[in-house]
Protein chains: 2
Amino acid sequence: MIADKLTKISKPIENELKQFSLLFRETMKTKVALVNLITSYILKQKGKKIRPTLVLLSAKIAGKVNERSYRGAILVELLHTATLVHDDVVDSSEERRGFPSINAVWKNKVAVLIGDYLLSRGLLLSVDNNDTDFLQVMTRTVKRMSEGELLQISKTRKLNIDEETYFRIISDKTASLLSTCCEIGALSAGDDLKIRNSLKNYGENLGIAFQIKDDILDFNGKNGFLGKPLGGDVKEKKITLPLIYALNKSDKAERKKIIHLIKNGKKKENLKKVVDIVNFSGGIEYAEKVANDYINRAKNELAIFPDSEIKKSLNDLLDFVVNRTK
Amino acid sequence: MIADKLTKISKPIENELKQFSLLFRETMKTKVALVNLITSYILKQKGKKIRPTLVLLSAKIAGKVNERSYRGAILVELLHTATLVHDDVVDSSEERRGFPSINAVWKNKVAVLIGDYLLSRGLLLSVDNNDTDFLQVMTRTVKRMSEGELLQISKTRKLNIDEETYFRIISDKTASLLSTCCEIGALSAGDDLKIRNSLKNYGENLGIAFQIKDDILDFNGKNGFLGKPLGGDVKEKKITLPLIYALNKSDKAERKKIIHLIKNGKKKENLKKVVDIVNFSGGIEYAEKVANDYINRAKNELAIFPDSEIKKSLNDLLDFVVNRTK
């Protein structure tokens with residue numbers, strides 16, 4: 001279902017995505033057998049390629065997909081893969097895309113190093129080809145992503161997160177890379193600053209809406225094959241927008257009670273209570289409204305482009321983000 | 001003792017090192033409180049600053065220490081610190097420089113992210129200042145370091161390492177960064193290709209000798225406050241030069257016996273037997289001879305420079321590397 005919709009969205013760059021996959025595989029190759037074994041394992045898992053898709057769509061709407069666009073797409077996918085591998089160590093996850101995670105198969109040691117390898121491999125591709133502009137945006141993004149995650153961790157320990165901090169976290173840890181994908185696509189196709197900024201902002205707003213929707217699904221998502229179990233964020237003491245809304249609407253006594261439930265969220269019945277409170281508080285509707293605001297901002301950024309198949313895909317991607325149910 | 005000798009070696013750049021420390025502290029600052037807390041913790045531990053020392057000595061012998069030299073020194077120290085933080089996760093180490101490690105205090109999750117943060121912070125410093133030449137050498141080095149470690153891991157599992165592979169591993173995982181320090185120092189001071197290559201090769205040979213000496217100390221080092229316990233590498237199934245020599249000198253039956261002892265190296269008496277076999281085989285003397293060859297190669301690289309206080313320091317650093325006893 002998800003795959004179907006994404007295939008439709010990426011139709012106008014179907015051939016370019018095939019070319020990307022070939023080049024991506026090629027770039028990963030090294031002389032170290034263990035590295036090749038692990039990267040083959042990663043390649044078998046076939047991710048959704050949302051980030052390369054964003055690079056290529058952005059390049060095409062900004063002008064034309066060229067060699068630099070492919071290098072940009074490879075760079076973002078390598079960086080994204082590196083962060084996924086490190087994330088699984090960070091969260092002690094045993095699974096990724098239905099396969100055992102790298103840390104589960106080869107232990108943390110190898111997973112940390114493979115992450116570092118993929119990160120440096122990506123940056124090296126830009127260095128070797130003098131894509132200085134890519135390096136400028138990407139290095140800043142890697143820094144923002146780690147800062148965002150660290151800010152989230154420090155806040156989950158204290159349970160004192162407000163809306164402003166929430167938006168800073170999701171902008172840094174999620175939106176920054178999606179924004180960078182669009183910016184790199186634009187940069188690869190030309191030097192029009194207006195186009196670059198519009199696509200960059202499109203990606204940023206898309207990313208924020210995407211993360212809010214992800215956080216909403218933690219409270220009302222459908223438990224499917226790939227769906228997250230309800231209340232998973234609460235269990236990890238991650239306070240997201242729907243819950244922040246519920247907390248803000250509560251009086252002092254209710255707040256205290258909710259905080260107590262979160263602190264004891266390892267018990268299933270406590271988790272369920274928090275999920276119910278959030279659903280009852282109107283926190284879902286509020287967060288959906290906010291996500292829609294960001295979707296509209298992203299749509300407005302596309303106004304500078306004439307109608308086209310590519311523009312339709314970029315708009316469809318926005319609808320896809322808010323309408324998914326898992 | 002070690003600190004005394006290093007202080008003497010770094011005397012000609014005493015003021016520059018002080019300036020470096022101020023700038024290094026400044027560069028680490030961010031808006032995320034948890035990151036500042038952890039970087040302050042790292043700064044309190046006062047490492048030996050061998051890598052910034054190499055950058056600054058190289059810059060001075062190649063011309064003059066300038067703003068770019070300081071940025072280079074900060075870049076290498078940030079990268080080195082990042083790899084130490086990741087190494088401690090990788091090895092589940094509980095201690096670093098007499099302090100509890102980052103992963104011990106803040107868990108693996110935070111340690112992986114802080115490593116990523118420090119890595120990107122370093123690269124961003126170069127990106128923001130258009131130090132493209134630094135980026136070129138440094139990104140390649142980060143890639144080599146992770147590949148070297150991964151090659152070592154894959155070899156420790158199979159216990160089939162030969163001399164050629166050993167040198168490839170230590171060149172990638174250890175010598176590459178020391179070589180890069182010297183190269184970056186040279187680059188910061190001017191564009192003389194002969195000077196750049198001499199210093200780069202000096203660092204590479206220094207690094208290889210340093211690692212061989214480190215590996216020798218695993219078999220004959222003094223167990224001091226900071227000394228490694230004897231046989232620690234063998235216990236982790238790391239086959240290093242003295243042991244490779246002992247294995248090569250053995251007949252088939254002896255080899256089989258040694259491999260059996262290594263495989264069962266968790267038992268103290270087996271470890272001790274391997275250490276004794278290596279000492280008896282002449283593997284130590286052989287490895288010392290090889291280390292000295294690399295030291296001499298490094299000395300020869302300095303021949304292009306006229307005698308000076310700085311040149312003496314670079315030579316003294318070589319003597320320090322081979323003469324240390326822990």
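Okay, before anything else: what you see here is a predicted model.

Let's start with the two chains.

Now zoom in on chain B, on helix H13, residues 268-281. That's 14 residues, and the helix reaches 20 Å from its first C-alpha to its last, close to the 20 Å expected.

So which residues of H13(B) are buried? They are B:Leu271, B:Val274, B:Ile277, B:Val278 and B:Ser281. These cover an arc of only 125° around the axis, so they sit on the same side of H13(B). Turn to the other side and you find B:Lys268, B:Glu269, B:Asp276 and B:Phe280 exposed.

What covers the buried residues of H13(B)? The cover includes other helices of chain B, among them H9 (193-220), H12 (252-263) and H14 (283-301). Just after H13(B) comes B:Gly282, with a positive phi of about 90°.

Last stop, the core. In soluble globular proteins, nonpolar side chains tend to be buried together. Here the largest nonpolar core has 193 residues, and those touching the most other members include A:Ile114, B:Ile114 and B:Leu206. If you leave aside neighbours within four places in sequence, B:Ile114 is in contact with B:Ile38, B:Val85 and B:Ile102.

That's it from me, thanks.

How values were computed:
Residues are numbered from 1 along each chain as its sequence is written. Chains are lettered from A and ligands numbered from 1 in the order in which they are written. This is a predicted model: local features need pLDDT of at least 70, side-chain atom pairs count only at pLDDT 80 or more; totals for chains, interfaces and linings use all residues. Helices (H or I, at least four residues) and strands (E, at least two) are DSSP runs, numbered from the N terminus. The expected span of a helix is 1.5 Å times one less than its number of residues. A residue is buried if 20 or more other C-beta atoms lie within 10 Å of its own, exposed if 12 or fewer, and partly exposed in between; C-beta atoms are placed from the backbone. The arc is that of the directions from the helix axis to the C-beta atoms. Two residues are in contact if their C-beta atoms, placed from the backbone, lie within 7 Å. A nonpolar core is a set of buried Ala, Val, Leu, Ile, Met, Phe, Trp, Tyr and Cys residues joined through C-beta atoms within 7 Å.
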